[in-house]
Amino acid sequence: MIYHTIIIGGGPAGLMAANVLEKNNINYLLLEKNEKCGKKLLLTGGRRCNVTNHLSIRDFIDTLTFKHKRFLYSALTQFSGQDVIRFFDLHGLRLVLENNFKYFPETEKSLSVLEALIKDIKPNHIKYQQAVKELHQEEDIFKVVTKTDVFYAKHVVVATGSNSFPSTGSSGDGLVFAKHLNINYFPFTPAETHIYSSQIKSSYKALQGVSLPKRVVTIKKQKTSYQGDLLFTHFGLSGPVVMHLSEFIYADIQEHGSSLLTFSFVDKTKEEILEHLQSDGASYVHKQLESFTTKKIIDVIYETLNIEKKKVAETKKQDLNRILDMLTAFEVVIDKVEDKEKAYVNKGGIDTKVLDPKSMEVKAIKHLYFIGEVTDLHGPIGGYNITIALSTGHLAASHIINHT
Ligand SMILES: Cc1cc2nc3c(=O)[nH]c(=O)nc-3n(C[C@H](O)[C@H](O)[C@H](O)COP(=O)(O)OP(=O)(O)OC[C@H]3O[C@@H](n4cnc5c(N)ncnc54)[C@H](O)[C@@H]3O)c2cc1C
């Protein structure tokens, strides 16, 4: 039998595409590698699943960091974060706004999100434990080969995800299909993950556990900056600002062998602090500085620079400069970014230039679509990635319906 459409992969992207096809009574089949759908979805948002966020389409796109982000305009216009909220509402699951930014299911369970996505799909439309091994085009028909079966379809939607958390089934298979079909792609690399620093492990052990709110962290060579909360860990650095910068730090390390980051421990400039210190020459420098940050940080600075704690008037100008430089422009070397398999998201995937932004269809191969994280589209933590998966899934399936 020849199916109208085969969807490969039952994550949020594939399941949303299935919902659209189901509603339109299409003779389709979803092939899922695992014994159940949405294994990664279940892990998301600390098992609470941050489904989407409250941003307008323009703000959503503006926040993304890759150059071709406008590609998403059509998908989000056709199915936005607000449409995501409406979809779940219609499927019996209310999404609740948290901290005026992220939407989580009112049940606080990612399982509810998966259940809502799967609710309307007829059981005979999903085949489990069907890992697709090969995808061929034979004239107007696609041949989809799994370990045990061969399926045929007029349209194929690839929704196999990236290479992050491969134990959930997302093991980069979509790029294998792309390679075979001569479709351009970028290898998956880590994004939204932790970074390692042997310098922190050896020289700044005392800072482990220190958490600094709203730091502007800059990658020195790239001059890329981002602001957010920062955390010193036993292996290096973490926190939202680091997660967000991790893909750029990875690129910097690939190019230069390591990456130099800089940030200030305090909210004041060096000049402001100098002025403040000079207004009270009889006071101790370290005591004054502790009022801007923590004792622990000031102790580490004095120990690292091997400077004796003295009064302002007694501290050499050169020493004062070194202390203030370290306080306001701390530098740290990063040697490694967490592997792509352990990163929350992957950069890379199907080159968006080969896809039609109005449909997610491969321009050179009619009736073949790539959706979700298998494409070179990703966002920061905060509901962006599931929204991208749902929105591109909706767009591709709607295009299939409207052009049949
Ligand atoms: C721990 C963690 C937490 C996260 N939290 C959030 C969050 O709160 N909010 C957010 O927006 N994003 C979050 N993300 C990112 C988000 O989960 C992904 O971006 C999203 O799941 C991508 O959806 P997808 O459908 O494209 O791919 P996936 O969810 O990866 O689904 C791909 C599916 O395809 C199947 N598959 C793969 N290869 C084959 C094959 N050859 N044959 C058949 N089936 C195949 C897989 O088994 C899988 O079911 C998180 C990621 C992780 C790892």
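Analyst: Two strands pair if DSSP finds at least two bridges between them, and strands (E, at least two residues) and helices (H or I, at least four) are DSSP runs, numbered from the N terminus. This is a predicted model, in which local features need pLDDT of at least 70 and side-chain atom pairs count only at pLDDT 80 or more, while totals for chains, interfaces and linings use all residues. Residues are numbered from 1 along each chain as its sequence is written.

In the open sheet, seven strands follow the order E16-E15-E12-E13-E14-E11-E17, with antiparallel pairing. At the edges are strand E16 (330–334) and strand E17 (336–337), each of which pairs on one side only. Strand E12 (residues 211–219) and strand E13 (residues 224–232) run antiparallel and are joined by seven bridges; here Ser211 stands opposite Leu231 in E13. Helix H9 (residues 240–256) packs on the sheet, where it touches E11 (195–196), E12, E13, E14 (236–238), E15 (259–263), E16 and E17. Contact means that the C-beta atoms of two residues, placed from the backbone, lie within 7 Å. The direction of H9 makes about 115° with that of E13, with axes fitted as lines to C-alpha atoms, for helices over the stretch in contact, and angles running from 0 to 180 degrees between N-to-C directions.

Six residues of domain 2 are in contact with five residues of domain 3.
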